[in-house]
Structure formats: structure tokens, C-alpha cells
Amino acid sequence: MSKIRTTIREIWGKVAGIWQVADGVARGKAVEITEYEAEELYHIFGIIVLGSFVGLPSPPMQISLDLMPFMEKELILMMEKVDTAHEPISDLFSVLDID
Amino acid sequence: MGKGGVGKSTASALNSLFLAQKGFKVLLVSLDPAHNQSDIFKRQLSYKATEVLPNLSVIEVDQEHWIKQYLKDVQHQIKKTYSYLTAFNLDRYFKVIKHSPGLEEYALILAFKDIRKRFENLDFLVFDMPPTALALKFFNIPPLSLIWIEHMLALREEIIKKRDLVTKIKIIKKERETDKTLNKINEMRNDYLDLKNTFESPSNTHVKLVLNPDKLSFAESLRILSFLKDININLSQLILNKMKNVLSWDDNGNAFADIPRLIFPNSEEPLIGIDRLQEFLIKNNNSIEKQMIEV
């Protein structure tokens, strides 16, 4: 009897595990584009604030400098972006799952 | 304010002296990089208040010092918050940044904020402004910065909305962190709004325009008036300095018609040294006092 109970518990555990993974994947998939959008917005924010360093119209220098201490994430993102900068369309297609 | 050489420093020294003699506690601040107050008062002045009369102290603002101090603070903050590798090459950039356009006038804003806080118990803070271009940039910093800040605030809020949505759907079990960048932008916004309101408020800030009876000074004064109107700052007084005769150049009296005037007659001798300034005030006591009271 206890063996059956153990087996049922194991099966239930596995089903729950599969459900959790499936749920995680579905949720991940659901927000994939929003996440990409957020990342792009971070990127735009970075370009706006730090644009003067790459010759773009930018806010008065003191605004950029005052925000600099909080911009590490944007700076790293901008550097990473350099890798995909030459192929922006392929970057977008991979996010949208277009083959 | 006024064109270079019209007598802004002398006029501000006379104004400060007049107020101090009336029993008010006055601080005269030289924001002009030319630092004429040292010559006028024949004293070595610095950022430490030098008492030239019982009620009157004078200080000079060193822009270079403020720029250096500001950049040092930013660099320190960055090194504190960034990981080691990101902050690795910063020194190199900061050596260049200190020559960036715009920092000169921001240094004056930093000094202005500091002085306002340090000497808030005084009756009057009289600022001897730099020549037109730099002075206008100084007054333009708050409204210009606010335009950028409002846009950046909207963008940041959009980012946070999306980030929160992702966190909610993915059920990420972490505490909702406060966005430090958003907090900083809000802090800056409040700061600039406070400055803008101070400059625009006629009860807090009296902007006086000094001009001479010559066409160039008059033409530049018209441009100053128009620029100040654009950024919502009103002139509280027109100081007609080095006056010899009645106005013959006043554009039919239209441009400055509503602005109270103070006339400083031309002095035969240079107004250098506190004794000369006092002599000038005594000599013209009746007319200046009458005009001041009217203002």
C-alpha cells in the first residue's frame, strides 16, 4: 500500500515539475518581447544620457554626469550592443522567432 | 547684469554698501571670473567671507575650483557604485570632461546653491554677475535642464512599467527594487524647479540691469531684456550708470518703460576703495536714497 502511495507521490511530483517548467517557459515566452522592449528602452535611455560621448545631441553635461553613477547597467548594455549593432535586423528576428 | 564694462561690479558694490549702511546684513558675491571686487575693495578676496564693513562681507567664487570639486565627487560616486572593471578607465575621460562646454555656468549654479544655503540668515545676497553670455547661460540652466529631465523621467517610468510587468508575469520572487536612476532624476527635477522658482520669483530674486548712455550697451540691454522675458524672469531695476546728461538714446522710452530706474551719475574719479565708494554715496545721498526708496 505504502509502495503505491510512494509511486503516486513520485508521479505527482514529476507532473508538478513538468507543469512548473511548462509554466515558466510559457511565462518567459509571454514576456520575451516586453523584456526586449525594456532592454531597448534601457539602451535608448543610455544613448540619451551618454550621447555626448559618442557625438549625439544630449542633455546638459551636468545631467549626464549626475546620472553617471547610476548608469552602469546602461553602459554595459551599450557595450554589448556593439556586438549586434552591425546586424540589428537579425537581432530583432531572433527575438521575434522569425526564421 | 549688463554688457562687459558698464559698471556691474561698481554698481553691485554701491548697492551692497548702501544696504549695509542702512543696517542690513549683506553679502556681496562676485560670480564674475574677472573678479573686480578685489580691485574695488583693494582687498585679497576668496571664497571665505571677508568682512569689509561691520554689516558687509564679500566673497569671490572660483569657477575652476567648483568644476574640479564637482568632477571629483562624480568620479568618487562612480567608483563606489560601479564594479571595478567598468570604472577602470574613468580617469582618462574625466581629464577631458572638465573642459566640456556648459560646466562653467554649472559651477556658478553650484556655488550659488552653496552660498544660498550657507548664508540664508543674511538680509541680502548681492551677486555681481559675469558679462551677458555667461550670465544668461546661468539663468537658462534650470529651464533648459527641466526640459530634458521631464523627457527622461517619462522614458524611465516607461522602462520601470515594462520591467515590473516582466517581474510580475515571471513571478520572480525578489523584492521590488527601487530604481535609483529614477530617484536621482526626481531629485534633480526638484532641485531645478526650486532654482527656477527662485529666479522667477520677484520676492526672492531682484535682477538689475546696468547700462551706460551708449548705443551698444543699450542694444545689448534690449537683447538681455528679451531673453529674460523668454525664460520668465523679470527685471526689477534698471541702473543707469555713468550718467552725464538726460537720456537721449532711450528708444522713445518704450522698451524699459515699466522698469524702475536708478541713476548713478558719472564719477570724475575712479570708484576704487571703500572710502571712495562711501564718498560717492554721501555726495549723491539724497538722489540715490530717494530712488532706492521708490524701488
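**From the backbone to a charged network**

Reply: Just after helix α1 of chain B, B:Gly23 takes a positive phi of about 100 degrees. Before going further, please keep in mind that this is a predicted model, in which local features need pLDDT of at least 70 and side-chain atom pairs count only at pLDDT 80 or more, while totals for chains, interfaces and linings use all residues. Residues are numbered from 1 along each chain as its sequence is written, chains are lettered from A and ligands numbered from 1 in the order in which they are written, and side-chain values use heavy atoms, with hydrogens and water left out.

Helices here are DSSP runs (H or I, at least four residues), as strands are (E, at least two), and both are numbered from the N terminus; the expected span of a helix is 1.5 Å times one less than its number of residues. This helix is mostly covered, since 13 of its 14 residues are buried, where buried means under 20% relative accessible area, exposed means over 50%, and partly exposed lies in between (1.4 Å probe, protein chains only).

Positive phi values also turn up in chain B in residues other than glycine. B:His35, with phi near 50 degrees, sits in the loop between β1 (26-30) and α2 (37-41) of chain B. B:Lys42 likewise has phi near 50 degrees, lies in the loop between α2 and β2 (50-53) of chain B, and is exposed, with a relative accessible area of 60%.

Now to the place where the chains meet. In this model, 40 residues of chain B are in contact with 32 residues of chain A, contact being heavy atoms within 4.5 Å. The area buried between chain B and chain A is about 3,300 Å², of which carbon and sulfur atoms give 75%; buried area is the accessible area (1.4 Å probe) that two parts lose on being put together, summed over both. On the side of chain B, the residues that lose the most area to chain A are B:Tyr82, B:Trp148 and B:Met152, which together give 17% of what that side buries.

Side chains of opposite charge can pair when their charged atoms come close. A salt bridge is counted when a side-chain nitrogen of Lys or Arg is within 4 Å of a carboxyl oxygen of Asp or Glu, and the structure holds twelve of them over all chains, with two between chain B and chain A.

How far apart are N and O where A:Glu74 and B:Arg156 meet in a salt bridge? The distance is 2.6 Å, and because B:Arg156 lies in helix α6 (residues 132-169) of chain B and A:Glu74 in helix α3 of chain A, the pair joins two chains. B:Arg156 is buried, with a relative accessible area of 2%, and A:Glu74 is buried with a relative accessible area of 2%. Helix α3 of chain A, residues 72-84, has 13 residues and reaches 19 Å between its end C-alpha atoms, close to the 18 Å expected; its buried residues are A:Glu72, A:Glu74, A:Leu77, A:Met78 and A:Lys81.

B:Arg156 also forms a salt bridge with B:Asp179, the closest N and O atoms being 3.1 Å apart. B:Asp179 lies in the loop between α6 and α7 (180-200) of chain B, so this pair ties together parts that are 23 residues apart in sequence. With 10% relative accessibility, B:Asp179 counts as buried. Through shared partners, salt bridges join A:Glu74, B:Arg156, B:Arg163 and B:Asp179 into one network.

Another salt bridge, within chain B, links B:Asp114 and B:Arg118, whose closest N and O atoms are 3.5 Å apart. The two are separated by about one helical turn because they stand four residues apart in helix α5 (residues 103-118) of chain B. B:Asp114 is partly exposed, with a relative accessible area of 24%, and B:Arg118, at 39% relative accessibility, counts as partly exposed.
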